[in-house]
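Reader: Could you walk me through how to read the side-chain features of a protein model? I would like the general idea first and then the case at hand.

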Amino acid sequence: MMDGTCRTNMRKAILLCWGAWTFCAGANLQPRDLLFISVHRNPTKVVSDDKVAFVLTEGGVLQYDYRRGQWMDNVAPGMGIQDIAYHPDKNQLLMLTSAGGTLEYNPAFRRVSPSITPFQAASAGSAAGELSGLSLGGDFTFLGDAVRDRWNRRAPVGSALVFDYDHLWLLTTGHGPFLGSVRRKEAASLWFGFYDPSITAMAGTGKDLWFGSPNSAGALVRAKVDLSEWSVYAAQQDYEFPDGFIYDIAAWRDCLWLATAKGVVRRDASGHFRLYRRLLGSADLIVYRLFAHGDRLYAGTEKGAAALDAPEAEFRAAELPVNIAPAVWDFCESEKDLWAATRYGLFVERKDGWKSFKDVTKEDVPEGYGVNVAAVAYKDTVLYWADDSRIFEKRRGRKPKVVQELPRVFRLVFDGDMLYAGFEGGVRAYDVKTRLWTDFRLEDGIPGRKAQCFLVRDGILWIGTDLGVMRVILRPYLP
């Protein structure tokens, strides 16, 4: 109990795989929570029987189910696994750690635990032999000792192995694993994860999830909600997508829009990119936020706000009533108005133009005028915003009051009555009706040094950090 407000905190939580408990002390996360780290581009070993395969990568040991045709688990993510051995007769996967210990994973119970069994090497398939003429589909070309993608990027082949007479695995350094048939001499990419381990943007459209990285040579990555059918769209391979540092992702007018370090990029339904490079009279401005309001798309940049009336048009300036051009961090809408959180306070666009928070309230509001406001949200006539260390609430006709003390908030999002606040240490879910809250913090077991983005969708909280993404099914945790 804290000042009459009950707080639920996920203390000493652990990393959990999709449907699997991971060995650690003090578990709080539920069995269907999921962690995946992105560095799966460089698989080094695969072991298999006729039902399941395990692939060793930098980001963990990936489990693939042949019958379902999809990845099932990321086993022991981030635990420094050096080697793996699978014993089908015991239904046992042994994993040798960098510290010299042995972990055991039982696929039937989906549990990782310390093993008293010494690590023993096991059969790792047979060499695939001559694979000249191997087909990898339209996006990749097999060159014998390497694979090239459609952008001509070369990835050496580490190994080519066959299991159960026909299951061909091709492991590459850079393009991930490929699975196919040695009889038919064909294989397909089985990419799992991101192009870059650090995630700074995510969005959901239909059955797809989209992710962006903070790497100028990074990529836009798409996956199905069930984490199948991964696709990577690399930056710097197209003049219209020159920078892969993605700050935000939004959907508008049947297109996907990217806020990047060099303007706004549009990806249309046909997969083509278009760059909106000039904004507010300058080129290559950093765009922090994209927001669809009414029939327009708004962009928050390092030098003010811009608006787009139609995809074929150009961005025009949204003139804020201030003599400087402040960075715009966030937007939200209240009824028919648009609010902007900026380095110089809150502003709102109404029918008669943009106004400052001070102009709207007719009061001196030091909490929201002339100061850095990092995020803003609106619910049932109540305005919420965050400065460097606090979340404020302002009801009509009342003065602002602090409802939460939370450092370095970067985003406020409502889902029903729950206000989600993303901050450097994780995500806080705050019920504005009951005043109860739940913390999902990095120190409680979510991987990474810094939370950078989050998404709430269909009862699931996705938290992006500098080491990957955690999926949390919310119902077991919320008060």
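Predicted model: local features only at pLDDT ≥ 70, side-chain atom pairs only at ≥ 80, totals over all residues.

Reader: Let's start with rings. How many aromatic pairs does a search of the whole structure find?

Author: A pair of aromatic rings is described by the distance of the centres and the angle of the planes. Here, rings of Phe, Tyr and Trp (its six-membered ring) pair if their centres lie within 6.5 Å; planes under 30 degrees apart count as stacked, over 60 as edge-to-face and the rest as tilted. The search finds 29 aromatic pairs. One of them joins Trp-252 and Trp-257, a tilted pair with 5.5 Å centre to centre and 55 degrees between the planes. Trp-257 also makes a tilted pair with Tyr-276, at 5.5 Å centre to centre and 40 degrees between the planes.

Reader: Where do Trp-257 and Tyr-276 lie?

Author: Strands (E, at least two residues) are DSSP runs numbered from the N terminus. Trp-257 is in strand E25 (residues 255-260) and Tyr-276 in strand E27 (residues 273-276), so to speak distant parts of the chain, 19 residues apart.

Reader: Is Trp-257 buried or exposed?

Author: Buried means under 20% relative accessible area, exposed over 50%, and partly exposed in between (1.4 Å probe, protein chains only). Trp-257 counts as buried because its relative accessibility is 0%, and Tyr-276, at 1%, counts as buried too. Trp-252 is buried as well.

Reader: Which residues form one aromatic cluster?

Author: Tyr-64, Tyr-66, Trp-71, Trp-169, Phe-192, Phe-194, Phe-211 and Trp-230 do. A ring can also have a charge over it, meaning that NZ of Lys or CZ of Arg is within 6 Å of the ring centre and within 35 degrees of the ring normal. The case to look at is Arg-267, whose charged end sits over the ring of Tyr-233, 4.4 Å from its centre.

Reader: Which residues touch the most other members of the largest nonpolar core?

Author: In soluble globular proteins, nonpolar side chains tend to be buried together. A nonpolar core is a set of buried Ala, Val, Leu, Ile, Met, Phe, Trp, Tyr and Cys residues joined through side-chain atoms within 4.5 Å. The largest one has 34 residues, and Phe-36, Trp-169, Phe-211, Trp-230 and Trp-462 touch the most other members. Its largest share, 3 residues, comes from strand E22 (residues 219-224). Another core, of 18 residues, lies apart from it and includes Phe-440, Phe-454, Val-456 and Val-472.

Reader: What does Trp-462 touch?

Author: Contact means heavy atoms within 4.5 Å. Not counting residues up to four places away in sequence, Trp-462 touches several residues, among them Phe-36, Met-202, Leu-209, Cys-453 and Arg-471.

Reader: What about cysteines: how many disulfides does the count come to?

Author: A disulfide is a covalent bond between the sulfur atoms of two cysteines. The rule asks for a pair of cysteine sulfur atoms within 2.5 Å, and the count is 0 disulfides. For Cys-332, the closest cysteine sulfur is in Cys-453, 19 Å away, which is too far for a bond. Cys-332 counts as buried because its relative accessibility is 8%.

Reader: And how many salt bridges are there?

Author: A salt bridge is a side-chain nitrogen of Lys or Arg within 4 Å of a carboxyl oxygen of Asp or Glu. By that rule there are 29. Asp-248 and Arg-289 form one, with the closest N and O atoms 3.2 Å apart. Asp-248 lies in strand E24 (residues 246-252) and Arg-289 in strand E30 (residues 287-293), so the pair ties together parts that are 41 residues apart in sequence. Asp-330 and Arg-411 meet in another, at 3.9 Å, N to O. Asp-248, Arg-289, Asp-330 and Arg-411 are linked in a network of salt bridges.

Reader: Last one: where is His-87 found?

Author: His-87 is in strand E9 (residues 81-87) and counts as buried because its relative accessibility is 12%. One of its contacts is Ala-121, which is exposed, with a relative accessible area of 68%.

Note on methods:
Residues numbered from 1 in each chain as written. Heavy atoms only, no water. Helix = DSSP H or I, 4+ residues; strand = E, 2+ residues; numbered from the N terminus.
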